[in-house]
Amino acid sequence: MFSPQGPSLRELTVQALSSVERGYDLLAPKFDHTPFRTPDFLLDATIEALGGFGPFRDGLDVCCGTGAGVRVLRQLCPDRVTGVDFSTGMLTQARSVHPGATWVRADARALPFTAGFDVAVTFGALGHFLPAERPAVFAGVFRALRPGGLFAFPLGAAAPVTSVAHWAALGFDAVMRVRNALWRPPFVMYYRTTPLRAVRDDLSAAGFAVRLVPLALPGVRVQLLVARKPPASS
Ligand SMILES: C[S@@+](CC[C@H](N)C(=O)[O-])C[C@H]1O[C@@H](n2cnc3c(N)ncnc32)[C@H](O)[C@@H]1O
């Protein structure tokens with residue numbers, strides 16, 4: 001599927017019938033040859049947009065996978081760059097590509113960091129969290145940041161009802177709901193559970209001040225959501 005180096009249909013099916021963690025462990029060696037890896041053009045646009053918010057020293061990539069966000073942070077953070085993910089397979093791949101970064105195996109719903117980073121990013125992973133789980137993820141990122149720290153990630157606008165993308169996302173989510181009703185362990189991945197308003201509300205409830213920043217990507221309906229932890233009161 002996707003390319004000669006990508007996973008076969010059979011491999012993808014086995015992965016989709018596993019847990020999220022096990023599924024990514026299995027997919028890890030071929031993950032960079034799938035469309036699930038965040039594309040470079042989006043990473044580059046994020047680097048450009050975030051450049052004006054620095055300076056940063058230490059950066060955290062949440063649900064880092066094979067290290068797409070670490071590639072962004074290495075451009076922005078001269079000191080320490082850390083990737084966190086719960087898939088050992090994905091972390092092994094990431095470590096081989098970016099040996100200079102720090103890699104931590106942890107669940108993003110219970111991040112083990114306190115006030116250690118100036119900037120955190122996440123790419124392509126919010127659909128793995130049910131809406132009820134999002135507050136724990138955002139609270140963990142808030143805790144991980146230093147006062148004044150920034151949490152940023154791209155978020156696509158809802159596709160128009162008349163578009164193929166709208167119906168593809170609807171169909172995908174419907175298939176996943178049926179799969180998860182019939183099969184254990186669940187594989188949580190939904191495209192339509194992260195609407196802008198709900199994500200914004202959850203970030204605000206976690207304590208962030210939120211704004212949207214346009215990305216230099218003509219014709220692409222994606223914005224950068226930038227959430228700032230308040231500076232320490234003097
Ligand atoms: C679609 S991949 C995205 C990887 C990478 N950020 C990128 O954009 O290419 C989603 C990643 O989220 C990780 N993930 C999903 N749920 C997680 C959780 N609860 N805790 C930590 N990592 C999680 C998976 O292991 C996987 O590496």
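Biologist: Which residues are buried in helix α5 (residues 88-97), and what makes a residue count as buried?

Modeller: This is a predicted model, in which local features need pLDDT of at least 70 and side-chain atom pairs count only at pLDDT 80 or more, while totals for chains, interfaces and linings use all residues. Residues are numbered from 1 along each chain as its sequence is written. A residue is buried if 20 or more other C-beta atoms, placed from the backbone, lie within 10 Å of its own, and in α5 Gly-89, Met-90, Leu-91, Gln-93 and Ala-94 are buried. Their cover includes α2, α4, β2 (81-85) and β3 (102-105).

Biologist: Why is α1 called roughly antiparallel to α2?

Modeller: Angles over 145 degrees, on a scale from 0 to 180 between N-to-C directions, count as roughly antiparallel. Helix α1 (residues 9-16) and α2 pack at about 155°, with their axes 8 Å apart, and therefore α1 is roughly antiparallel to α2.

Biologist: How do you know which residues meet between α1 and α2?

Modeller: Two residues are in contact if their C-beta atoms, placed from the backbone, lie within 7 Å, and Val-14, Gln-15 and Ala-16 in α1 meet Gly-23, Leu-26 and Leu-27 in α2 in this way. By class, this contact has 4 nonpolar, 2 polar and no charged residues.

Biologist: Which residues come nearest to the ligand?

Modeller: Among the 21 residues around the ligand (C-beta atom, placed from the backbone, within 6 Å), Thr-38, Cys-63, Gly-65, Ser-87 and Phe-123 come nearest. Helices α2 (20-27) and α4 (68-76) each supply at least two residues of this shell.

Methods: Helices (H or I, at least four residues) and strands (E, at least two) are DSSP runs, numbered from the N terminus. Angles under 35 degrees count as roughly parallel, over 145 as roughly antiparallel, 65 to 115 as roughly perpendicular and the rest as oblique. Ala, Val, Leu, Ile, Met, Phe, Trp, Tyr, Cys and Pro count as nonpolar, Asp, Glu, Lys and Arg as charged, and the others, Gly among them, as polar. A residue is buried if 20 or more other C-beta atoms lie within 10 Å of its own, exposed if 12 or fewer, and partly exposed in between; C-beta atoms are placed from the backbone.
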